[in-house]
Amino acid sequence: MKLETTYKSNNYPIIIEHHALNQLHDYIKNYQDIVLVIDQKVENEWSHITDFIASEYEAHKLIVPSGETTKTLSFYEETIESLLSKQLTRNTCLIAIGGGATGDFTGFLASTLLRGVDFIQIPTTILAHDSSVGGKVGINSKHGKNLIGAFYRPKAVIYDLNFLSTLPYSEILSGYAEVYKHALLNDIESVNHIEAQYSDEQALKSLDEIEYYLYKGVQTKLNIIVADEKESNVRKFLNLGHTFGHAVEYKFKIPHGHAVMIGIVFQFIVTNIMLNKSFNIAHYVNYLRELNYPLDIVNDLEFESLYKLMLNDKKNDEQGVQMVLLKDIGDPIVRHVDYKTLSKAFAEFKSYFNK
């Protein structure tokens, strides 16, 4: 399956299929220098593939730590100085091979190296189906997640589904949060369909039909980002579950998608309070339990520290915290949420998980 962005210019392909790496040659054959930026866990499992690519194209290999520990200013400085020492030219392509953090980091390197070189995303996780598309790149600050970065499009996204065969269930859960989020942004039929397909842990572990849901997820994101690349309007909808979720993730260093799922539940509670809705919160909490998300972290959550982190969210303005809320499934809006409402929603949120 292949999608193509539809900007006015500088479009790029998104290839989603097994053995997609067979098409990599078409996109890198004309570069003078190639640097593979590879997630350590991916290298451990797939070195036979990365070694082949490095040998075939005389590419430099740069192995980076897995996860968010890569996305720091200190590691960025160390890495970009190392790359500059190789006397690379602007006819260089960086290739991110890994999960969302590796893609974010590599894209930020590319956007700043020699004032900008090309890069290609090769996602290896379910989660990265979301982060690899859309051109958001960046690293973290001591003040919060993804606060240092840029909008910088890749030259291609080559999503070889063979990589998913070695994912641990924790990574499947993390990625599924973004797939599920895209269904919520679509319509109730999409949500009912995906919940029926992946009704419990065993069903989700199987990853049956995952190609279809990844394709639909990417398609949903493309429809939004092409309309609003720089997040001035509707692109904010993609942050559903992320305002609270990012705060939890940053505070407790749990996987991104685990935090986003918690944030989605919190959003439903805020929506019920602010918009006088009646979403069935117990349904979503029970669904997380059926999928076996690790929810013990909820017992350790404390409102004031999370509120301070929420205040640092990039969507905020002088009026304070903004959240994406669902008026109905498939009908998102962005609203300012005051301290009192957030505090009330948090107390109710905790009560659902303590039942």
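Predicted model: local features only at pLDDT ≥ 70, side-chain atom pairs only at ≥ 80, totals over all residues.

Residues are numbered from 1 along each chain as its sequence is written, and side-chain values use heavy atoms, with hydrogens and water left out.

**A few terms**

- Helices (H or I, at least four residues) and strands (E, at least two) are DSSP runs, numbered from the N terminus.
- "Buried" means under 20% relative accessible area, "exposed" means over 50%, and "partly exposed" is in between, using a 1.4 Å probe and protein chains only.
- "Contact" means heavy atoms within 4.5 Å.
- A "polar contact" is a pair of N or O atoms within 3.5 Å; within protein, one must be able to donate a hydrogen and the other to accept it, and residues adjacent in sequence count only if both atoms are side-chain atoms.

- Helix α2 covers residues 40-57, which is 18 residues, yet its end C-alpha atoms are only 20 Å apart.
- A straight helix would reach 26 Å at 1.5 Å a residue; that expected span is 1.5 Å times one less than the number of residues.
- Where does α2 bend? The spot is Trp 46, and the bend there is about 95°, taken as the angle between axes fitted to the seven residues ending there and the seven starting there.
- Trp 46 is also one of the buried residues of α2, along with Val 42, Glu 43, Thr 50, Ile 53 and Ala 54.
- Those buried residues pack against β3 (33-39), β4 (60-64) and β5 (92-98).

- Most residues other than glycine have a negative phi.
- Glu 58 follows α2 and has a positive phi of about 50° although it isn't a glycine.
- Glu 58 sits in the loop between α2 and β4, and is exposed, with a relative accessible area of 72%.
- Glu 209 has a positive phi too, near 65°.
- You'll find Glu 209 in the loop between α8 (201-206) and α9 (210-225), where it counts as partly exposed at 48% relative accessibility.

**Helices α6 and α7, side by side**

- Two packed helices are described by the angle between their axes and the distance between the axes.
- For α6 (residues 169-186) and α7 (residues 188-197), the axes come within 6 Å and cross at roughly 150°; axes are lines fitted to C-alpha atoms, for helices over the stretch in contact, and angles run from 0 to 180 degrees between N-to-C directions.
- On the α6 side, the contact is made by Tyr 176, Val 179, Tyr 180, Ala 183, Leu 184 and Asn 186, and on the α7 side by Ser 190, Val 191, Ile 194 and Glu 195.
- These residues divide into 7 nonpolar, 2 polar and 1 charged; Ala, Val, Leu, Ile, Met, Phe, Trp, Tyr, Cys and Pro count as nonpolar, Asp, Glu, Lys and Arg as charged, and the others, Gly among them, as polar.
- Is Glu 195 buried or exposed? Glu 195 counts as buried, at 13% relative accessibility.
- The side chains of Glu 195 and Tyr 180 are joined by a polar contact of 2.5 Å.
- Leaving aside neighbours within four places in sequence, Glu 195 is also in contact with His 283, Tyr 284 and Tyr 287.

**Helix α13 and strand β10**

- In helix α13 (residues 303-310), the buried residues are Phe 303, Ser 305, Leu 306, Tyr 307 and Met 310.
- They pack against α10 (242-252), α11 (256-274), β10 (322-328) and α14 (339-353).
- Glu 302 caps the N-terminal end of α13, placing a side-chain oxygen 3.1 Å from the backbone nitrogen of Glu 304.
- Over in strand β10 is Gln 322, which is buried, with a relative accessible area of 7%.
- Not counting residues up to four places away in sequence, Gln 322 touches several others, including Lys 236, Thr 243 and His 336.
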